[in-house]
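Here are a few friendly notes to read alongside the model. Have a look at it first, and then we can go through the points together.

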Amino acid sequence: MRVACVQVALVDGEIEANRERVLRMTEQALWERPDLVVLPELATSCYSLVDYARVAEPRDGPTVEALATLAAATSASIVVGLVILDSEGRPQNASYLIGPEGVIGSYAKTHLCVNDEPHVDESTAFAPGQTLGLLDVAGVRLGLMICYDGHHGELPVTLVNQGAEILVWLNNRMYMAPWEPAALALFNRIPVAAVNRVGLAGPQPEGEPSRIYRGVSALVDHEGQPIATAAGNEETVVVGDIDVEAGRVRRASHVLNTQQSRRPDLYVSS
């Protein structure tokens with residue numbers, strides 16, 4: 001599967017301008033003829049300290065419709081992070097998977113963080129997701145994770161146990177260590193497509209320093225080896241070919257198989 005991670009320069013709260021940047025960079029990515037395009041978490045609103053319910057997008061919202069048009073024209077599938085509303089009308093930090101025929105499915109972030117910089121309490125801003133992000137594209141099962149999700153070791157293990165063949169990790173944070181996608185890949189014997197935003201966050205409250213987002217988007221194979229990585233703190237498309245079958249074969253092996261050697265009988269919370 002040919003995958004393109006789209007590292008976009010976003011500005012907090014600039015919904016329309018961010019949408020234009022996302023579409024422009026997605027068009028650029030599609031010149032690489034990927035099967036799958038991956039865009040960052042909260043790709044239009046970012047962490048804008050607004051009433052997130054007001055910026056939520058339904059399945060037929062403007063960002064989704066524009067990306068669906070691009071997908072239909074190229075036969076690619078696209079993952080994008082957006083605010084959506086749950087069945088009770090509460091905002092969720094979520095993602096849509098969009099194919100040539102329209103929306104394939106969605107996933108809402110299940111692990112909500114409290115952070116100092118930028119100051120955000122997701123537990124009060126968003127409702128947590130209640131299901132895993134397992135969605136199929138062209139015979140390949142994707143395991144979707146959003147930012148803080150990836151810091152919980154049980155999640156990728158569970159996604160792999162339930163058939164995920166690529167971990168797709170959307171981020172919107174100032175720094176993602178280069179070893180993080182590689183560690184997820186190596187410990188779970190699964191390829192990882194990790195994307196992050198770049199650039200200045202935009203004007204900050206008086207007395208607060210500017211925030212710089214440094215990207216570090218990457219594709220790594222099922223052994224944690226780099227396939228393609230972002231160079232520099234700039235907008236770019238990280239594109240490469242993921243050998244899905246090689247990962248399947250590796251996970252079926254008995255050699256250093258972390259899935260087969262697990263001891264869930266001992267993993268009991270006190």
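Is C113 buried or exposed?

1. C113 counts as buried, at 13% relative accessibility. Buried here means under 20% relative accessible area, exposed means over 50%, and partly exposed lies in between (1.4 Å probe, protein chains only). Please keep in mind that this is a predicted model: local features need pLDDT of at least 70, side-chain atom pairs count only at pLDDT 80 or more, and totals for chains, interfaces and linings use all residues. Residues are numbered from 1 along each chain as its sequence is written, and side-chain values use heavy atoms, with hydrogens and water left out.

2. C147 is buried as well, with a relative accessible area of 9%. The closest cysteine sulfur to that of C113 is in C147, at 6.3 Å, which is too far for a bond. The structure holds 0 disulfides (pairs of cysteine sulfur atoms within 2.5 Å).

3. Now to helix α6, residues 244-252, where V244, G247, R250 and R251 are buried. These residues sit on the same side of α6 because they cover an arc of only 120° around the axis, taken from the directions from the helix axis to the C-beta atoms. Helices (H or I, at least four residues) and strands (E, at least two) are DSSP runs, numbered from the N terminus.

4. What covers this buried side? Among the elements over the buried residues of α6 are β9 (140-146), α4 (154-161), β10 (166-170) and α5 (179-188), with contact meaning heavy atoms within 4.5 Å. On the face turned away from the buried side, α6 carries the exposed residues V249 and A252.

5. At the N-terminal end, α6 is capped by D243, with a side-chain oxygen 3.4 Å from the backbone nitrogen of E245.

Notes: Polar contact = N/O pair within 3.5 Å; in protein donor to acceptor, adjacent residues only side chain to side chain.
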